[in-house]
Amino acid sequence: MWWRIATITLLFVTAASALTYWRGSRDYRPSLLAEANRSGGITMSAVTAGGQPSQQLSPETNSHYEVNGFDVNEGKRLYQWFNCVGCHANGGGDIGPPLMDDKWIYGSEPRNIYQTITEGRPNGMPSFRGKIADAQIWQIVAYVRSMSGLVAIQAAPGRNDDIQAKPPETMAPTQPPKKGGTPAPDERSSQ
Amino acid sequence: MNRAAAILAGAALAGCSRNPSILLDTAGPHANEIQWLFWLFFWVCAAVWLCVIGLLGFATWRGLRRWRDTPAPATAPAEERRLVAWVSTGVGLTFAILTLFVGASYAVDRKLISLDSGPTMEIQITGHQWWWEIQYLGETPSAQFTTANELHVPSGSTVKLKLRSSDVIHSFWIPNVAGKRDIIPGRENEATIRVDRDGVWHGRCAEFCGYQHAFMGLTLIAETPDKFEKWKASQRLPAAAPQSDEEKRGQEIFETGPCGACHVIRGTSADGHSNYAPELTHLKSRSSIGAGAAPNVKGYLGAWILDPHGIKPGVHMPPNLQNADDFQALLAYLETLK
Amino acid sequence: MSPPDIEVVDDQHVPRDVDVPLERLRDHLDNTWRLPPGLFGWLCSIDHKSIGRRYIVTAFIHLLLAGALAMALRVQLAFPEQQILGPDQYNQFFTMHGTVMMFLFAVPMVEGVMIYLVPLMIGSRIIAFPRLNAFSYYVYLVGGLMVWASFFLNSAPDAGWFSYPPLAGPEYGAGKRSDVFAQMITFTEVAALAVAVEIIVTVLKLRAPGMSLDRMPIFVWSSLVTSFIIVFSMPSVVLGSTFLLLDRLVGTHFYNPAEGGDVLLWQHLFWYFAHPEVYIIFLPSIGLASHVVETFSRRPMFGYPAVVLALISNGLLSFGLWVHHMFATGLPRLGNSFFAASSMTIAIPSGLVLFCWLATIASGRLRFKLPMLWIVSFFILFVMGGLSGVMLASVPLDLQLTDTYVLPSHIHFVLIGGAVAPLVAATFFWFPKMTGRLLNVPLGLVQWMLFTIGGLSAFGSMFLLGLSGMTRRVYSYPHTMQWDTLNLIASVGAWLLGLSFVLFTINILWTLSRPTKAPENPWQASGLEWSLPSPPPIYNFVLAPFVSSRTPLWDSPGPLPVVGGLRFDRREVLVTTVVEAEPDMRDPVPEPTVWPFIAAMVTSVILIASMYAPQPVAWGAIPFAIVMVAWLYPRRMVSPPAASVGPQAHQA
Amino acid sequence: MKPHLTLDIRALPSYRFGHRSPLWWGTLGFIVIEGLGFIFAIAAYFYLQNQNPDWPLGRHPGLLWSSLFTVLLLLSEIPNTWTKRAAVALDLGRVRVGLMMMSAVALLAIVIRVAEFTTLNVWWDSNAYGSALWVLLGLHTAHLLTDAFETFVMAALAYIGPLDARRFPEVEDNQAYWDFVVLAWIPIYITMYWAPRWAAGAVL
């Protein structure tokens, strides 16, 4: 008897490990603490004031956004809602640089992208500090990276239910980033 | 009939007006038609059920009386014939009842179709996860306006609702008024309603649509035509300008902070998208916030802004922790949006 | 070219079963049909009884787990505005409850019962394609394990048991949750389709000599009809779920209206299967119940031809009414009326069966043993479900009732009353045959009371909740709706129902710990399976029985007449003709082997991996092909009579 | 004790052809299942066409390779039937030749099918039309590959395998399955390549 149970347990563990490869749990209620830190603390709640500036949050504390299908998917929605498409189109770039290639003017690390969004960059990238909730910024960061295949394929979002501008991120080819540096002028002009 | 219904349906239904029941308190002809059809079905079915159980009792009693330990040979031809008669009677009755049911359903269906004719006004309702965008279509752009989660109609007139979905499948349902109509992405469904009784009727999304399917409520307010016109006129106006400094500061926060990124307040620079988040131009004219998740009073509104997930987990709106003064100013401003 | 080397051995001289006395024949058969020892032997087993038992046990565990989820759901809804389960958890819980109950409990359970009983009832030694049968079980097993693994990782399917896109689609169904749902369908339907083919071939080709179609037991008839329903309905849902997977993984647009797709396509493909699915569950159950009724009424089933015709017409009609699940979607009104009529028509054959039972009971020599109690609950609960179904079939009524709690009430009345009650009756009825032990009666009585009272109060109050406007699939409800009382009653009823299954489990486990002492035929039933020892030997019948009536054990006192002439030095089974069941061929039976298990594992790995990327399907095909060759690789066992071999053969 | 024997069937053979063998019924069962898969896929195709006034969404798929493929399949019925007859006649020599021929045909068919995929003129993720097209063709290709593989194995077995009479019903069975692969292709070919052209009022 016992070895039958053992066999089935073994199968179960195998199936489980096959599935743990990605995190499918959902945390739709962002940590209020992070919010408090971002907004420099509030006096009306128990949360203490004066968190460190968020671009210094170590990437580790936010890396879970990248392996969580729900967060990347939310990032994709917010990419629309906060009108990133306005300049970057669907990643192909327009007024703003393309996001689905391997060129990263200000770095491809989550913290770099986070900083780009919160602080803004020269030549037109506005600062979204105070306009977008912190957790949502990290979700957008995860999605932006998924466009160039930098997040786990298991967490990458599928196509949207509208006109297809590009293949779904699940099919996005991985673009090993050329860190830092500015792209060759012809890319910027050719946009 | 209805008193019987009250007894039947027990404490949950008994003697409360504005009950979401489809049996009591119907507010329009569509619901009335379906109501009597239901009672026809209900009483016939109840009778059938009792008969079947009775027959089972009778058969058991008869079988037990004839008990022997040896298996019976095939029964006597005479009895076999009697059994055949019984069974075929049963089947015949079943057939008759079903014919009645099919006929009645068809008749009522025709009646419902005829009720849909000659609508006097059109309203476009867009289902969102998890709230309702309501657009009053007028001849001129100035006559059009958008609101959310609260549907006003003049009582007694036939209204055509154009149903659209911006994301997943929803279903438009106001039990006291009419049956459901699914709201399907990529399809242009329509529902026609007529509310004959003034009052507030509660509806909700009937097709499972995600986290907050449970609290995707819709309030239908049927009022006399002149009251309705007054309401329309007031809704067309842009938001009232803030008076006190605190309110002015509140508006500024709304426009420059996160709020304005999604919400719209006509007459201000907060020009988010009225199809991402409910339009707030006349927020305080509505009775609830979060599509019926909480009453629209200052306390709940504040709690909602700070942590919507505390009231409606999974909703798209993120928590917003302003510092205390900004927060109070924002609230004060929102309170002015009559 | 080397001369062909067909060995020309005529095996007419090989001794046959009738050439040796019965006692020695038993030893020979035990020896021929023996399994390898230990775990390896267990994995090799292709015996329909052990595979059937595994199906039944696995499905029962699924029932208990999914039932526990239902208990949790009813805790959450017992009182208004509770936060015990958040919306995310609640959605996973109710989706798992529905999905597991429909796909991993109900259908596999009836399959398991068919696999176990059909060969015994038709006097065969095996189920057709026994290796495929073993394969199907392991595929089903892994499918279930995968789903529960996803649940315990808080990543279970959460879009309802009919997972409508777009909610289950790529944009609104983030993560792999809906992929688990879609792939679970692939797992279970592959298994179910395999079983269906096995049952059809078993019934048509492996019946005992003399058991012409009009002498088949009613359960065998219902199994045949059910298998045909499976064959004709399941391909549509497999295709639909494949579309869903492709939409989610590689960006096809079947369900994307913006690119020419249509979300209703899924609803058509799904309901075209999922309505017949109810009959896939229901028909075998009334087949089982018919035997209980017949046995305890102590007379042959009244109106056997009528019942068989009713089963068949049920099967046919079940394909003509899937649209009644879509009345509210705004399809053409006239078409709806047609589907409404056809939906109501199906009440006629179902009613006919019930009337025939009543006639049998009334004209029989009734003995009211425990299994009969569940026939009573069948009438009480199922008739309610059937009648509420008639209400839902009416287009105007459906517009008000659909997607309210009337619907859960209806489907639970139908499935708990129409399927679970007969299955419990069948358990009490055939348990002695399967295990050699009789279940405890007093416990059974208490269980029956809890079951019936619980069912009535739970689903009755759900019906009233629906009438009072409570929509289904809400994780909570405001106090102001005044749904509190009815919800509390529903919860208490549900818990009573749950308790009855706890007692059932205790009863089974306790009984299994007792010594085996059940007689061959404790109920003086009439079917062939009751002529076997309890539990039956691995080869079932020492000598193939010869059947000359519908109730052989009642009509032929003394030992059954038999047919002899099979070899006993290797596994052989008698194949008969389709209609008259005349002996036609001695079919050598494949040996036990581990390859079906390995093949199932390879298949499972491919299916699970393909939720993440398309490539595994491609490279997975190679190991799969190799395994299939190993599985089907022939062993030298049969030789043609010299006369029938082509010319070159003689040179050998 | 002596059993009450009514019939002795020791003289019965242990293999049968056609509908007298369980194997034949099993194959028929799976042919029905897969055939229904094709039917539902075609139904889905026309359902989607029904949803879209302008169809196909994109250019018509190329006719060259697909028609070539169709002709090859139709011609393959000649060696196929020949092989089937040889099997029923228990004629090992002819069975070997037939299986080799069928293996060659299958290989050729696969090559042409690969070329056919390149002339669909639409990608599966371009629109619903492309999706339906790729699924139809992919579904049939899966069956083509399966039966090709089975044919190779049967051919190998005919030479090296342990030979006994039961191979012959199996060969017959394999060729019957090839009939299904051919039969299933015809409606798919018409659906994919001609129905939209006829709808567009093209000649033929």
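Which residue in S5(B) is the bridge partner of Met121(B)? To find out, select Met121(B) in this predicted model and look across to S5(B), where the bridge partner is Val159(B).

**First stop: the sheet of chain B**

Next, select residues 121-128 and 158-165 of chain B, which are strands S1 and S5. These two strands pair in the parallel sense, over seven bridges. Now extend the selection to the whole open sheet, whose five strands follow the order S3-S2-S1-S5-S8 with mixed pairing. At the edges stand S3 (145-148) and S8 (189-194) of chain B; each has a single partner strand, so one side of each is left without a neighbour in the sheet. On average, neighbouring strands of this sheet are turned by 25 degrees against each other, direction ignored.

**Second stop: where chain B touches chain C**

Display chains B and C together: 77 residues of chain B are in contact with 76 residues of chain C. On the chain B side, select helix H2 (29-65), helix H3 (77-115) and strand S7 (181-183), the elements that give two or more residues to this side. Coloured by class, this side of chain B shows 48 nonpolar, 17 polar and 12 charged residues.

Finally, select residues 370-393 and 441-467 of chain C, which are helices H12 and H15. Their axes come within 10 Å and cross at roughly 5 degrees. An angle under 35 degrees counts as roughly parallel, and H12(C) and H15(C) are therefore roughly parallel to each other. Among the residues that make the contact are Trp374(C) of H12(C) and Trp448(C) of H15(C). The residues of this contact divide into 10 nonpolar, five polar and no charged.

Terms used: Residues are numbered from 1 along each chain as its sequence is written. Chains are lettered from A and ligands numbered from 1 in the order in which they are written. This is a predicted model: local features need pLDDT of at least 70, side-chain atom pairs count only at pLDDT 80 or more; totals for chains, interfaces and linings use all residues. Two strands pair if DSSP finds at least two bridges between them. Helices (H or I, at least four residues) and strands (E, at least two) are DSSP runs, numbered from the N terminus. Axes are lines fitted to C-alpha atoms, for helices over the stretch in contact, and angles run from 0 to 180 degrees between N-to-C directions. Two residues are in contact if their C-beta atoms, placed from the backbone, lie within 7 Å. Ala, Val, Leu, Ile, Met, Phe, Trp, Tyr, Cys and Pro count as nonpolar, Asp, Glu, Lys and Arg as charged, and the others, Gly among them, as polar. Angles under 35 degrees count as roughly parallel, over 145 as roughly antiparallel, 65 to 115 as roughly perpendicular and the rest as oblique.
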